[in-house]
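Visitor: Could you walk me through this model, starting with the whole chain and then turning to one of its sheets?

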Amino acid sequence: MEEGQLIYGRHAVLEALQQGRELEHVYLAPEAPPKLKVAAKEAGVPWSEAGKQELDRRAGGRPHQGVVAVVSAFHYAEVEDIWKRVDASPPALVLVVPQIFDPGNLGALLRSAEAAGVHGVVLGKRRTCGLTGVVGKAAAGALEHLPVARVVNAQYFLDEVKERGLWVVGADSTGDTEYTKAKFSEPTALVLGSETGLGPVLLKKCDVVVRIPMYGKVESLNVSVAGALLMFEARRQRRG
């Protein structure tokens, strides 16, 4: 069962969706009323079908009527809240994470972002785990100080970032620039991908793509470790 508050039952979840409550994910039995899928889509909340055994597990044995929703454990900031922090203490250093599935990785990444003095973090809404209790625990208090916003389309957000004059730096194993040679002293949006990388569309949005050289047998680092290296490199350059 996921750590964090749950809502279960058709009426309760439908009401939560229609009232705009911050939900991370909705799990639906195949026979669940179609209006629940429509409501989740209209609210921009990710949903997926689940069998009875999985729904029973997520609901902890409580009667769920084939519908279980995970509630956000922490409040999301608005993107504008991040820009206000940037304006108060330039140059910008914003972390953009379009896709990350593991809550432990996300929590560790947010902890490093707060420690590195990042102005804020922007998550993809549909393909990223949200701010559940597991994430909060791994973040070790960082969510009390670091604004985290969500956007439906990370590609469009990067267009906004560029309009604001930020340099978009992507991190991917295919990058042709070692991360220590990238210029992080300018206003920067750092874009991190999942274990499968950023993907061709997001790579095209980047002004430069950096890589972390590997000297052992493994091909890449955990995203939270890679993110920490890059954010603290940016902080080192700005301090120097």
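**The chain, then a sheet**

Guide: Of the 240 residues of the chain, 50% count as buried, meaning under 20% relative accessible area with a 1.4 Å probe, protein chains only. This is a predicted model, where local features need pLDDT of at least 70, side-chain atom pairs count only at pLDDT 80 or more, and totals for chains, interfaces and linings use all residues. Residues are numbered from 1 along each chain as its sequence is written, and side-chain values use heavy atoms, leaving out hydrogens and water.

Visitor: How many helices and strands does the secondary structure of the chain come to?

Guide: Both are DSSP runs numbered from the N terminus: helices are H or I with at least four residues, strands E with at least two. For this chain, the count is nine helices and 11 strands.

Visitor: In what order do the four strands of the open sheet come?

Guide: Strands pair if DSSP finds at least two bridges between them. The pairing here is mixed, and the edge strands, S1 (6–8) and S3 (47–49), each pair on one side only. The order is therefore S1-S4-S2-S3.

Visitor: Which residue in S4 is the bridge partner of Leu28?

Guide: Strand S2 (residues 23–28) pairs with strand S4 (residues 67–71) in the antiparallel sense, over five bridges. In S4, the partner of Leu28 is Val67.

Visitor: What share of the contacts with a separation of 6 or more comes from residues 24 or more positions apart?

Guide: A contact means heavy atoms within 4.5 Å. Among the chain's contacts with a separation of 6 or more, residues 24 or more positions apart account for 76%.
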